[in-house]
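Q: I have a protein structure open and would like to go through it piece by piece. Can you help me read it?
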Amino acid sequence: METAERICKRFHGYLLSGEYTGRIAAVTGEKLDIETSFGIVSVLNAGALQPFSCYVSGIQPFTAMNLQPGMDVLLDKKGIDIPDGEFSVDVTLAEDVDLSIECMVNLFLPVDISIRARYIHRIVERYSANEDLSLLIIDPNGAPELQQIRGALQELSAAFFEQDLPHIERAAARCSGFGSGVVPASDALLCGYMACFSCLSYALGRSRETVLGMTRAAAAGGVTNTNEQGSVALLQAGEGVVAEDVFQLLRSLFSDIPYTSLSAWGNRTAKGVNGVNILVGVSMALHDQYLKNAL
């Protein structure tokens, strides 16, 4: 039996409220995905804590264990059990980590927000690669192959600025499903965009209902044009739930936390799967929803 060190608080809440059955959906060296009645949940042994996941350390790669897609999984308040794989995770002593943006306290727009935004931009430049969407902010007028997604994102930004829910949903559908990856690149960008928009909105004093109404509309539109993994990521972002590195990055961005922390969390985010695309979304949301009108 493995012992989880940390667990997404929202995921833990589901486990504490009942008993569930599921099946293994995918196995990689660092991640075990389980399909349940309330969505995909994960067991991780590396990287940042993700929404609806728990973290265990000091174990061999999941691919080296007797774990195969399709195996039955039992989940309850004690944890996760895969009888046929002789694998289980005890979550009873795990630290709850709240990954909901709405739980952040004392968010505000610091006087140096434009400087903090430049830190994000420089991190994107540092980690940019051919397969990501970094050129959308590094060279906004170049990269003709990105013209279609660029136009769709401009429409989305206008819809968010106008707080027009039907328009947000239509525009998000045009933005999703673009690019390679298990989660398409543009879906990761949208997740970063929604997360930054949420933090910015709370810093400006908007209500939870207003903010969630818009991000849920974006998620609802996005899932109509992408794959299953992209849909999971978009729906989580629509509910304001993000990975821990993104959570800490945004908390550093909308505060007076030292630049060293902002850089550290930005670098950590960039090194993760689809991290650069998430940062592009953060940068675009901050620019389009605030900075370009404040300068």
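A: Start with strand 4 and strand 5, which form a hairpin with two residues between them. Keep in mind that this is a predicted model.

Q: Which way do strand 4 and strand 5 run, and how many bridges join them?
A: Strand 4 and strand 5 run antiparallel, and six bridges join them.

Q: What is the bridge partner of D33 in strand 5?
A: The bridge partner of D33 in strand 5 is S42. D33 itself lies in strand 4.

Q: What does the side chain of D33 make a polar contact with?
A: The side chain of D33 makes a polar contact with the side chain of S42, at 2.6 Å.

Q: Is D33 buried or exposed?
A: D33 counts as buried because its relative accessibility is 8%, and buried means under 20%.

Q: And how many residues of strand 5 are buried?
A: Five of the six residues of strand 5 are buried, so the strand is mostly covered.

Q: What about strand 5 and strand 6, in which sense do they pair?
A: Strand 5 and strand 6, residues 53–55, pair in the parallel sense over three bridges. In strand 6, S53 is the bridge partner of S42, and Y55 stands opposite L44.

Q: OK, zoom out. What order do the strands of the open sheet have?
A: The open sheet has 10 strands in the order 1-9-8-7-3-4-5-6-2-10, and the pairing is mixed.

Q: Which strands stand at the edges?
A: Strand 1 (2–3) and strand 10 (95–97) do. Each has a single partner strand, so one side of each is left without a neighbour in the sheet.

Q: What holds paired strands together in general?
A: Strands of a sheet pair through backbone hydrogen bonds, either parallel or antiparallel.

Q: New topic: pockets. What volume does the largest pocket have?
A: The largest pocket has a volume of about 1,300 Å³. Its lining is made up of 49 residues, and those nearest the centre are K31, Q50, V183, V273 and N274.

Q: Which elements supply at least two residues of that lining?
A: Two strands do, strand 4 (31–36) and strand 5 (39–44). The helices that do are helix 6 (185–203), helix 8 (228–238), helix 9 (244–253), helix 10 (259–271) and helix 11 (275–294).

Q: Which of them gives the largest share?
A: Helix 11 gives the largest share of the lining of the second largest pocket, with eight residues.

Q: And the classes in the second largest pocket?
A: The lining of the second largest pocket has 13 nonpolar, seven polar and four charged residues.

Q: How many cavities of 30 Å³ or more are there?
A: The count comes to one cavity of 30 Å³ or more. The volume of the largest cavity is about 30 Å³.

Q: Which residues line the largest cavity?
A: The largest cavity is lined by I101, E102, S198, Y202, V211, L212, E239 and G240. By class, these are four nonpolar, two polar and two charged residues. Helix 6 and helix 7 (208–222) each supply at least two residues of this lining.

Q: Last topic: how many disulfides?
A: The count comes to zero disulfides.

Q: What is the nearest cysteine sulfur to C191, and how far away is it?
A: The nearest cysteine sulfur to C191 is that of C175, 12 Å away, and C191 is in no disulfide. At 12% relative accessibility, C191 counts as buried.

Q: Is C199 buried or exposed?
A: C199 has 0% relative accessibility and counts as buried.

Conventions: Residues numbered from 1 in each chain as written. Predicted model: local features only at pLDDT ≥ 70, side-chain atom pairs only at ≥ 80, totals over all residues. Heavy atoms only, no water. 1 Å grid on protein atoms, 1.4 Å probe; cavity = no way out; pocket = protein on both sides within 12 Å on 5 of 7 lines; lining within 4 Å. Points joined across faces, edges and corners; volume = space filled by probe spheres on them. Helix = DSSP H or I, 4+ residues; strand = E, 2+ residues; numbered from the N terminus. Nonpolar A, V, L, I, M, F, W, Y, C, P; charged D, E, K, R; others polar. Disulfide = S-S within 2.5 Å. Buried < 20%, exposed > 50% of the residue type's maximum accessible area, 1.4 Å probe, protein only. Pairing = 2+ DSSP bridges. Polar contact = N/O pair within 3.5 Å; in protein donor to acceptor, adjacent residues only side chain to side chain.
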